[in-house]
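Here is a short note for a colleague new to this entry. Please read the points in order.

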Amino acid sequence: MAGTDFPDDLRAAQIRLHQATSELATLCRTLPWSVEPMAGWPGTEHPHTGEVTGGRESSPGWSKEQKQAVKRLRMECTDLSIRIAAHPYWQTVDGEERVKARSVLRAETRPSAVPTVDVDTAA
């Protein structure tokens, strides 16, 4: 296997893919549950405890800006995935080793694996 000698542009694309995926997930967690405005529904009251479970509040839907932000991040993730998968570097790695190298690239570029730079020390 090639190990950790990945080209800088491939490594940068994978790091950005991790970031964009995280940004998309974070954004989606803040959005209303329905893209379009939709009425909610009541929950069910438990006959013995009175606890109400299930149900949803009405959703105001997503704003135009929210829809555009989700679309932009999804497109960026798709473009980065294609750029990574089609990178010429993978032609230099044989067969099953390519799968292992791809896993190594993902693992090495995960945010927890990428060392943080202390701006005060670096300057």
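1. Start with burial. A residue is buried under 20% relative accessible area, exposed over 50%, and partly exposed in between, using a 1.4 Å probe and protein chains only. The protein has 123 residues, and 21% of them count as buried.

2. Note the source. This is a predicted model, where local features need pLDDT of at least 70, side-chain atom pairs count only at pLDDT 80 or more, and totals for chains, interfaces and linings use all residues. Residues are numbered from 1 along each chain as its sequence is written, and side-chain values use heavy atoms, leaving out hydrogens and water.

3. Next, the elements. Helices (H or I, at least four residues) and strands (E, at least two) are DSSP runs, numbered from the N terminus. The protein holds four helices and two strands. Their order from the N terminus is α-β-β-α-α-α.

4. Contacts follow. Contact means heavy atoms within 4.5 Å. Take contacts between residues at least 6 apart in sequence: 68% join residues at least 24 apart.

5. Now one helix pair. The axes, lines fitted to C-alpha atoms over the stretch in contact, of helix 1 (residues 8-30) and helix 3 (residues 95-109) come within 9 Å and cross at roughly 60°. Helix 1 and helix 3 are therefore oblique to each other; angles under 35 degrees count as roughly parallel, over 145 as roughly antiparallel, 65 to 115 as roughly perpendicular and the rest as oblique.

6. Which residues of helix 1 and helix 3 make the contact? Helix 1 supplies Leu10, Arg11, Gln14, Ile15 and His18. Helix 3 supplies Arg102, Leu105, Arg106, Glu108 and Thr109.

Terms used
Axes fitted to C-alpha atoms, helices over the stretch in contact; angles between N-to-C directions.
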